Amino acid sequence: MNIDHISLSSIYVKRKNDRDIFQELMPSKVKEILLIATKYDAYSIVREGQFSDKIFGEYLQLNLYSAPRFTSANTLEEALHTIKKRHFDMVIIMASTNREAPIETAKQINKHKSRLPILLLVNNNYDLGFFTKKCEPLHFIDRVFVWNGNTSIFLAMIKYIEDKKNVARDVKLGNVRVILLVEDSVKYYSRYLPLLYSSVMLQTQKLVSDDAVDELHKILKMRARPKILLVSNYEDATKVFDRYHDNLLCVISDVRFKKNGKDDDEAGVKLLEYVKQNKTFPIPLMMQSHDLENAKKAKESNAEFVHKNSESLSKELNDFIHRRLGFGNFEFQMPDGRKIAEAHSLSEFQELVARVPIESLLYHGDKNAFSRWLMARGEINIAEQLVPKKPEQFTEKESLRKFMLQVFEKIQNEQLRGRIVNFDPDLLDSNRYIIRLAKGSLGGKGRGLAFISNFIENIDFKKIIPNIDIRMPATAIIGALEFDTFIEINNLYQKVIVEQNHERVNDYFLKGKFSESLSQKLLLYLEKINRPLAVRSSGLFEDSLLQPFSGVYATYLLPNNHPDIQVRLNQLQNAIKLVYASTFDTEARSYFKAVNYKVEEEKMAVIIQEVVGRNFEEKFYSQVSGVAQSYNYYPVSYMQPEDGFSVTGVGLGMYIVGGEKSYRFCPKYPKINHNATKDQLRDSQNEYYALDMSQSNIDLSSGDEMSTIKKYKIRAGIDDQTLEHCASTFDLQNDMLVPGIPMKGPRVIDFANLLKYNTIPLADTLQLLLKIFMEAMGTPVEIEYAIDLGSPETGKLPTFYLLQLKPLIRKSNSINIDLNAIKKESTLLYANNGMGNGKVETIQDVIYVDPEGFDSTKTKEIVPELTKLNEAFMETGKKYLLIGPGRWGTKDHFTGIPVVWSQISSARVIIEMGLKDFQLDASLGSHFFHNVTSMNVGYYSVPYNSEKAFINFDLLKNAALISKGKYVKHVKLSAPLSIQMDGRKRAILIEKK
């Protein structure tokens, strides 16, 4: 598989749920109408401005939110001039005393705009005969209507044109239904059509109000209403029937109209007979006539009858639509017509399908009643699945019920996949969507997870990488609005803003109470979820491109294994409260100050996620965890920066993001390892973190994130049988590493079976994900992941879980460093391994850990000295150059200096240097690097005895000494340094002016 040739557009196919389909329906809308009438007729219609108000009122009443705009023209010349200047969607020409004038006007407009719909509006019944006969053969007049003094005629005319334009596309895209109206009398369809449209829309509006989840959904769902097609002769009627055969909802037909060009007293009867003979399923039929005698013909045709001149015509139409077209409640009946149950909603309908007698299901299935009722509610996908199936296709009767319930479950899951859904206890057992426990913003991490969820559900990864599942852990999010609610109802704001002691802040939060609604949801959540949980922060600023705040807030891992659910609830609530409290932590406050934000601006959402992993002898951890970035600042061999890299380890991911010993590789070239065997033995992971499952009575009151976590020696993984694919064994006799653990000897965590022998396609998966996420976000990205290696015994595929996604860097202007122009005597530093871009000429201060007094066992003692100096710089707002040995920000104090970001936040450029007995790879900590890259801080590595990179300590020794601690010196140059960072070459040059 050549992943380089795979593009996002070639594999991303957005799955369409009903909401997506609604978005695409009714693309042609009538927004601009040209009304051509004499001044007198225009005045009669418009009536001093009330006309527009009435039209808008009609639309508002029917939940239609974009009433069209009318523009008047009084003459043909004015009309043609207006059409040339502006776009119109339709033209209405008002007939005048000069009968020929409107026809000539229509003809001339058609010459200029041949595709512009033109309707003729007659203002009295006396002229109807003339215009009907005259206009019938004319192709440039779409239809004649009669003005009856009611503005609803304009609604009918507009919708008539819209339905003609949209029906073919909407039927194809959204499987929308069609009502066929056959009527040749202008007088009657001018009265009939407004009633029919109003009735259909009001019924649809009622259903939408009951079922829609939000206002936008209501508007979109209205687009799925049945289309009404008006025709006036037998041939046009059969043409519509033949074209939309499978989507025909009902036929409403006159009795007498033209067939073969001649008036036929039985045309309506013949049409209904044609419909019955050619429909797979029976559909509702209605015969309408001004002659009551035709009621007999309707009965013989098994159709309902309505009298055109009935005073209750509107009520009878409403009743027919409500009762027969699926707009009312679904009444489950037995074959003898006996009603046995009634469904008022889709959920009730599904419940009743599961328990009503099978005879009732067979009876309604034979009439296609299920599909018709579902389509009326806009449940397009479910209806489509049910339409093709007839009861006789099922060999066993109960198979119909089973099939229907499977369709409900399948479509519901497909519609939810990749979405954020409101809390429902029945939906908690899936990782195909995100559960929202409370309203408000999702925060930075939450946004990343929501994007991941939606993204992976629209790509068929199995076609590209068939031997691994790509998923996200089951996730729930408490929106940031609950954070405000919690602080408000517990009156905490003034207390926590003023209070500087974090233990007291924690205590304030722990004593607080959640809203009753959230507490109840959390209890229901725990009734369904009994796996270990990660409770993670998701601040508004967190993991965004410009406000990283990465690693600043708290994360708590819970065993979630106490036998008493109330205890588990209390533990979960305390973890959430402590995540809230971490917003006001000393480190967080320092960080806010460093990036010039106020703590009051932050709002905290909380992510509750199932921990990826398995339980191994009271230790719960993932067999493989890692961080991957799409841009590699330290490529080797023939790797390019754009090839990216990954850092991977055994156990919980905090080991990797904390910068401890892990395995680094390039997903594009996973077999390349430039380190010698002795270096791999020295730098291999020798410990790992796991969730301690032996304790169920956990106490989080101290606020210690590690209170539920233990560190184990890597050899413990051998007993857990987790190292077979992760470790290699050193063969002393042959001086080589043997993949797996087949013999005794030192273990090296190098994931050789996964990367060199492709036991699972880890490298391909990472390469693909980094590529498509970078393309989707338009910037280099970082992902955190964990892997369940699967179970060959059960046939379960390995699963790659995406835990987090965030943007990595922002672009800056290019700097070009001329290596030939470097003068060593005036150069403080040169390095060609790092990141950063731009020119800095404002720094005079250098803080460095003196190599002469450095002790690798005393790195923790260096931190307070650095913190004190950094605080002084924060007060002045100045920046400094920072130099020190080993890895900055590591949690392993034997590999570097274990600062957190806020303790060195005023450093503008950070240098890691190697010493003779302290040679290490550059920093790998995820949280640290995200802050550095997002804030465009220079970060470079100077190896010990490098042929090219160097630090000129003589310049520092000759600079003015501002302060000297036991390990750290602060010096000031006589003039600002010239710092040039070349992002393309990954080089930095610092010169003394």
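Two strands pair if DSSP finds at least two bridges between them. Keep that rule at hand for the first exercise, and remember throughout that this is a predicted model.

**Exercise 1. Work out how strand β34 and β43 pair, and where β43 sits in its sheet.**

Step 1. Start with the bridges. Strand β34 covers residues 827-831, and two bridges join it to β43 in the antiparallel sense. The rule asks for at least two bridges, so this is a pair.

Step 2. Find a partner residue. Leu-829 has Ile-951 in β43 as its bridge partner.

Step 3. Widen the view. The open sheet has five strands, ordered β36-β46-β47-β34-β43, with antiparallel pairing. Its edge strands are β36 (838-840) and β43 (950-951), each of which pairs on one side only.

**Exercise 2. Classify the ring pair of Phe-483 and Tyr-580, and say which helices the two residues come from.**

Step 1. Look at the geometry. The ring centres of Phe-483 and Tyr-580 are 5.1 Å apart, and their planes stand at 70°. Planes over 60 degrees apart count as edge-to-face, so that is the class of this pair.

Step 2. Place the residues. Phe-483 belongs to helix α22 (residues 481-489), while Tyr-580 belongs to helix α26 (residues 565-581). The pair therefore ties together parts that are 97 residues apart in sequence.

Step 3. Check the surroundings. Phe-483 and Tyr-580 are both buried.

**Exercise 3. Describe the largest nonpolar core and trace the contacts of Phe-800.**

Step 1. Begin with the core. It has 73 residues, and Leu-762 and Phe-800 have the most contacts inside it. Helix α32 (residues 762-777) supplies the largest share, eight residues.

Step 2. Follow Phe-800. Leaving aside neighbours within four places in sequence, its contacts include Leu-762, Thr-765, Leu-766 and Leu-769. Also among them are Ile-468, Ile-470, Tyr-785 and Ile-787.

Step 3. Look for another core. A second, separate one has 68 residues, including Ala-42, Val-122, Met-286 and Ala-376. As a general background, nonpolar side chains in soluble globular proteins tend to be buried together.

**Exercise 4. For the salt bridges of Asp-683 with Arg-682 and of Lys-296 with Glu-293, decide how open the partners are.**

Step 1. Take Asp-683 and Arg-682. Their side chains meet at 3.0 Å, N to O. Asp-683 has 18% relative accessibility, so it counts as buried. Arg-682 has a relative accessible area of 43% and is therefore partly exposed.

Step 2. Turn to Lys-296 and Glu-293. Here the N to O distance is 3.9 Å, and both residues are exposed.

Step 3. The structure holds 33 salt bridges. One network of them links Arg-256, Lys-258, Asp-263 and Asp-265.

**Exercise 5. Find which rings lie under the charged end of Lys-187 and under Lys-619.**

Step 1. For Lys-187, the charged end sits over the ring of Tyr-188, 5.7 Å from the ring's centre.

Step 2. For Lys-619, the ring belongs to Tyr-712, and the distance to the ring centre is 5.4 Å.

Note on methods: Residues are numbered from 1 along each chain as its sequence is written. This is a predicted model: local features need pLDDT of at least 70, side-chain atom pairs count only at pLDDT 80 or more; totals for chains, interfaces and linings use all residues. Side-chain values use heavy atoms; hydrogens and water are left out. Rings of Phe, Tyr and Trp (its six-membered ring) pair if their centres lie within 6.5 Å; planes under 30 degrees apart count as stacked, over 60 as edge-to-face and the rest as tilted. Helices (H or I, at least four residues) and strands (E, at least two) are DSSP runs, numbered from the N terminus. Buried means under 20% relative accessible area, exposed over 50%, partly exposed in between (1.4 Å probe, protein chains only). A charge sits over a ring if NZ of Lys or CZ of Arg is within 6 Å of the ring centre and within 35 degrees of the ring normal. A nonpolar core is a set of buried Ala, Val, Leu, Ile, Met, Phe, Trp, Tyr and Cys residues joined through side-chain atoms within 4.5 Å. Contact means heavy atoms within 4.5 Å. A salt bridge is a side-chain nitrogen of Lys or Arg within 4 Å of a carboxyl oxygen of Asp or Glu.
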